[in-house]
Amino acid sequence: MRQASFAVLAGLIATPLAAQSTCKVEGVWELESGSADGKDYPAGSREMKMIANGHFAVFWRDASTPKELKTVADSLAAFRLAGGGGGRYSVQGSTYTEKIEYFSDPAYVGKSIPFTCRVDGDRFYQTGSIPVYEGGKKVRDSKLNEVWKRVP
């Protein structure tokens, strides 16, 4: 009887530990591939994510971002096609949640967005739905699938 109780207790203790080990996200990551609502992200776009000590920061630049800002139109395009954000994050089992504290679009500030995550070797798989805002109002959710590669 004592062995059975120990086995049950060991199983209860081991389960949460095993669940958390699938999503060790701390590190520096570069987006390898991604899609929103089944449409691949534009080729040539770059995105980096840094995750450490309970905080995350993400920065991106679309491939079509002007390389030189010669006109007001270039500046507006650069603002629209590049950006960043960050805040705090938490991990519970296979759920990675970003609590946005700053972002290029202020409609996202204060939002917590949960994702399903998994880390396998040097790849971080992140999936979930994010709200899409227009004029500060949520109009729909967009389904994201992203694969990040650890930067050595």
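## Strands β7 and β8

Strand β7 (residues 112-120) and strand β8 (residues 123-134) run antiparallel and are joined by 5 bridges. This description rests on a predicted model. Across this pairing, V119 stands opposite F124 in β8.

The hairpin of β7 and β8 has 2 residues between the strands, and G121 takes a positive phi near 65 degrees there.

## Strands β8 and β9

Strand β8 also pairs with strand β9 (residues 137-150), in the antiparallel sense and over 12 bridges.

In the hairpin of β8 and β9, 2 residues lie between the strands, and G135 has a positive phi near 60 degrees.

## The disulfide

How many disulfides does a search of the whole structure find? The search finds 1. This disulfide joins C23 to C117, with an S to S distance of 1.6 Å. The link of C23 and C117 is left-handed, with -135 degrees about the S-S bond.

The pair links distant parts of the chain, 94 residues apart: C23 is in the loop between α1 (2-20) and β1 (27-36), while C117 is in strand β7. Strand β7 is the one joined to β8 by 5 bridges.

## Burial of the two cysteines

Are C23 and C117 buried or exposed? C23 counts as buried because its relative accessibility is 3%, and buried means under 20%. C117 also has 3% relative accessibility, so C117 counts as buried.

Technical notes. Residues are numbered from 1 along each chain as its sequence is written. This is a predicted model: local features need pLDDT of at least 70, side-chain atom pairs count only at pLDDT 80 or more; totals for chains, interfaces and linings use all residues. Side-chain values use heavy atoms; hydrogens and water are left out. Two strands pair if DSSP finds at least two bridges between them. Helices (H or I, at least four residues) and strands (E, at least two) are DSSP runs, numbered from the N terminus. A disulfide is a pair of cysteine sulfur atoms within 2.5 Å. Buried means under 20% relative accessible area, exposed over 50%, partly exposed in between (1.4 Å probe, protein chains only).
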